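Subject: Structure handover

Hello,

Here is the structure for you to look over. Please open it alongside these notes.

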Amino acid sequence: MLKNLGKADRIIRVILACILIFAGLSSKGLGFVFAFSLIGAAILIITALFSMCPIYRLVGLKTCQDCSQ
């Protein structure tokens, strides 16, 4: 798997995931908001952990300085 996320991009994804988790847990029983928030947070955390975003790969974006070609 080729890496295509830089450090700043990964940090932003983790921060956004924390915000989504908080929003989902404070949704007070709204099933759709809860599910959407937690699924979105999981996707952001997984892509940050692996430093690879499939959408970036499809578009050809790379936000890391030392990514292999």
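Below is what was found in it, from the overall picture down to single residues.

First, the ground rules. This is a predicted model: local features need pLDDT of at least 70, side-chain atom pairs count only at pLDDT 80 or more, and totals for chains, interfaces and linings use all residues. Residues are numbered from 1 along each chain as its sequence is written, and side-chain values use heavy atoms, with hydrogens and water left out.

Confidence

pLDDT is the predictor's confidence in each residue, from 0 to 100. The protein has a mean pLDDT of 89. Of its residues, 94% reach 70 or more. Among the elements, helix 1 (residues 7–25) has the highest mean, 94. Helix 3 (residues 54–59) has the lowest, 91.

Overall build

The protein has three helices and zero strands. Both kinds of element are DSSP runs numbered from the N terminus: helices are H or I with at least four residues, strands are E with at least two. The order from the N terminus is α-α-α. The radius of gyration is 14 Å, well over the 11 Å that the globule rule gives for 69 residues, so the protein is more spread out than a compact globule. That radius is taken over C-alpha atoms, and the rule is 2.2 Å times the number of residues to the power 0.38. The C-alpha trace spans about 45 × 20 × 15 Å along its principal axes.

Buried residues make up 29% of the 69. Buried means under 20% relative accessible area, exposed over 50%, and partly exposed in between (1.4 Å probe, protein chains only). For contacts (heavy atoms within 4.5 Å) with a separation of 6 or more, 70% come from residues 24 or more positions apart.

Cys18 is in no disulfide; its nearest cysteine sulfur, that of Cys53, is 18 Å away. Cys53 is in no disulfide either; the nearest cysteine sulfur, that of Cys64, is 12 Å away. Cys18 is partly exposed, at 48% relative accessible area. Cys53 is buried, at 7%.

Leu5 sits in the segment before helix 1. Is Leu5 buried or exposed? It is buried, at 3% relative accessibility. The C-alpha atoms of Leu5 and Ser51 are 4.9 Å apart, although 46 residues separate the two along the chain. Beyond its neighbours within four places in sequence, Leu5 is in contact with several residues, including Arg13, Thr47, Ser51, Cys53, Tyr56 and Cys64.

Thr47 belongs to helix 2 (residues 31–50). Thr47 is buried too, at 7% relative accessibility. Not counting residues up to four places away in sequence, Thr47 touches Leu5, Arg13, Met52, Cys53 and Pro54.

Asp9 and Thr63

Asp9 is in helix 1. Asp9 is buried, with a relative accessible area of 13%. The side chain of Asp9 makes a polar contact with the side chain of Thr63, at 3.3 Å. A polar contact is a pair of N or O atoms within 3.5 Å; within protein, one must be able to donate a hydrogen and the other to accept it, and residues adjacent in sequence count only if both atoms are side-chain atoms. Leaving aside neighbours within four places in sequence, Asp9 is in contact with Tyr56 and Thr63.

Best wishes

Technical notes. Disulfide = S-S within 2.5 Å.
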